[in-house]
Amino acid sequence: MTTPTEASTDRASSPGATGAGEQVLRHRMKPGRWARELGWRHVVGVLAVLYAVFPIVYVVSASLSPSGTLTGSNELFAQVSGVNYADLGNTKFWTWMGNTLVIGVATAVGTVLMGAAAAYAFSRFRFAGRRLGLTSLLIIQMFPQMLAFVAIFLLLISLGEVVPALGLNSKLALICVYLGGALGVNTFLMYGFFNTVPRELDEAAKIDGATHAQVYWTIILRLVTPILAVVALLSFISTFGEFIIARVVLQSESNWTLAVGLYGWVSSLLEANWGLFAAGAVLSAIPVLALFLFLQKYIVGGLTAGSVKG
């Protein structure tokens with residue numbers, strides 16, 4: 001038979017009673033003690049939210065200001081107009097948006113396919129040079145790809161003389177460069193997640209007559225969907241906002257990405273149009289935000305599960 005004390009304990013420990021328990025605890029604690037132990041957390045949380053939201057609010061306000069200057073946007077939403085968004089249609093903004101989406105999606109898909117295949121090989125097979133390869137991946141990911149932009153520029157000049165499609169001013173060449181820089185860190189990230197999948201599943205499938213390809217495509221990839229989504233998201237975001245390498249490789253305005261094109265509007269101090277820049281920045285954030293919300297349920301599991309066993 002359950003005693004009243006046990007029943008009250010069970011109710012307090014249930015998930016639905018968490019908020020009520022905090023209110024009861026607040027009433028029981030003196031205000032000074034509650035502020036020292038719990039209240040300061042709310043203050044820190046509010047300050048963090050304000051710190052993160054203010055730049056976004058300022059950019060949205062600047063995009064709605066018809067003056068086209070940042071000084072005219074110091075008073076938030078003092079003037080509200082959609083003229084900057086309408087003027088984007090008279091520029092090459094939507095061409096740059098299409099180029100960025102093509103490059104970002106191609107890089108994300110290529111990174112997932114190539115990185116997953118490499119991670120599966122490192123996780124499931126034992127071969128000469130395996131440990132050296134993993135160590136090399138760990139070292140390579142410590143250096144940002146932008147450090148090699150001079151070498152990339154010279155390489156593409158020489159390569160373009162042989163294969164023009166892979167030379168300068170080529171979106172395909174830029175995709176290949178991005179793939180080379182993303183494979184190191186993402187392969188190592190997926191490798192840790194692949195190790196959490198029991199090998200008994202592979203062995204059971206092989207006993208039933210499945211080949212390595214069938215095990216990989218029909219079993220393993222379905223079980224590691226969270227990390228594939230995380231890698232695709234991280235690759236797309238990093239590609240979407242990358243500027244230095246895109247500016248070096250893409251030379252004609254019709255091939256520019258959003259980062260390069262938007263910078264062109266504010267690179268000249270005398271002719272800078274911050275209104276167009278802010279409007280373009282707001283619209284360019286929509287694809288990233290939509291993809292983030294779509295893959296949100298995979299993010300926490302994909303980033304943490306690979307750290308348990310590696």
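**Group meeting: a walk through a helical model**

Hi everyone, let's start in the middle: the largest nonpolar core has 52 residues, and those with the most contacts inside it are Phe 93, Leu 174, Met 190, Phe 194, Val 224, Ile 227 and Leu 228. By nonpolar core I mean a set of buried Ala, Val, Leu, Ile, Met, Phe, Trp, Tyr and Cys residues joined through side-chain atoms within 4.5 Å. Buried is under 20% relative accessible area, exposed is over 50%, and partly exposed is in between, with a 1.4 Å probe and protein chains only.

A quick word on the source. This is a predicted model, where local features need pLDDT of at least 70 and side-chain atom pairs count only at pLDDT 80 or more, while totals for chains, interfaces and linings use all residues. Residues are numbered from 1 along each chain as its sequence is written, and side-chain values use heavy atoms, leaving out hydrogens and water.

Now the overall picture. The protein chain has 15 helices and zero strands; these are DSSP runs numbered from the N terminus, helices being H or I with at least four residues and strands E with at least two. Of its 310 residues, 33% count as buried. For contacts (heavy atoms within 4.5 Å) between residues at least 6 apart in sequence, 70% join residues at least 24 apart.

Leaving aside residues up to four places away in sequence, Leu 228 touches Val 112, Ala 116, Met 190 and Leu 221. Thr 257 counts as buried because its relative accessibility is 5%.

On to the aromatics. Rings of Phe, Tyr and Trp (its six-membered ring) pair if their centres lie within 6.5 Å; planes under 30 degrees apart are stacked, over 60 edge-to-face, and the rest tilted. That rule gives 13 aromatic pairs. In one of them, Phe 93 and Trp 94 sit edge-to-face, 4.9 Å centre to centre with 80° between the planes. Phe 93 has 0% relative accessibility, so it counts as buried. Trp 274 and Phe 277 are also edge-to-face, at 5.5 Å and 75°. Both lie in helix 14 (residues 274-294), three residues apart, about one turn of the helix. There is an aromatic cluster as well, formed by Tyr 120, Phe 125, Phe 194, Tyr 216 and Trp 217.

So, how many salt bridges does the count come to? One, taking a side-chain nitrogen of Lys or Arg within 4 Å of a carboxyl oxygen of Asp or Glu. Asp 202 pairs with Arg 124, and the closest N and O atoms are 2.8 Å apart. The pair links distant parts of the chain, with Asp 202 in helix 9 (residues 199-207) and Arg 124 in helix 5 (residues 93-124), 78 residues apart. Asp 202 counts as buried because its relative accessibility is 4%, and Arg 124 is buried too, at 11%.

Last stop, the loop between helix 6 and helix 7, where you'll find Met 142. Is Met 142 buried or exposed? Exposed, because its relative accessibility is 60%.
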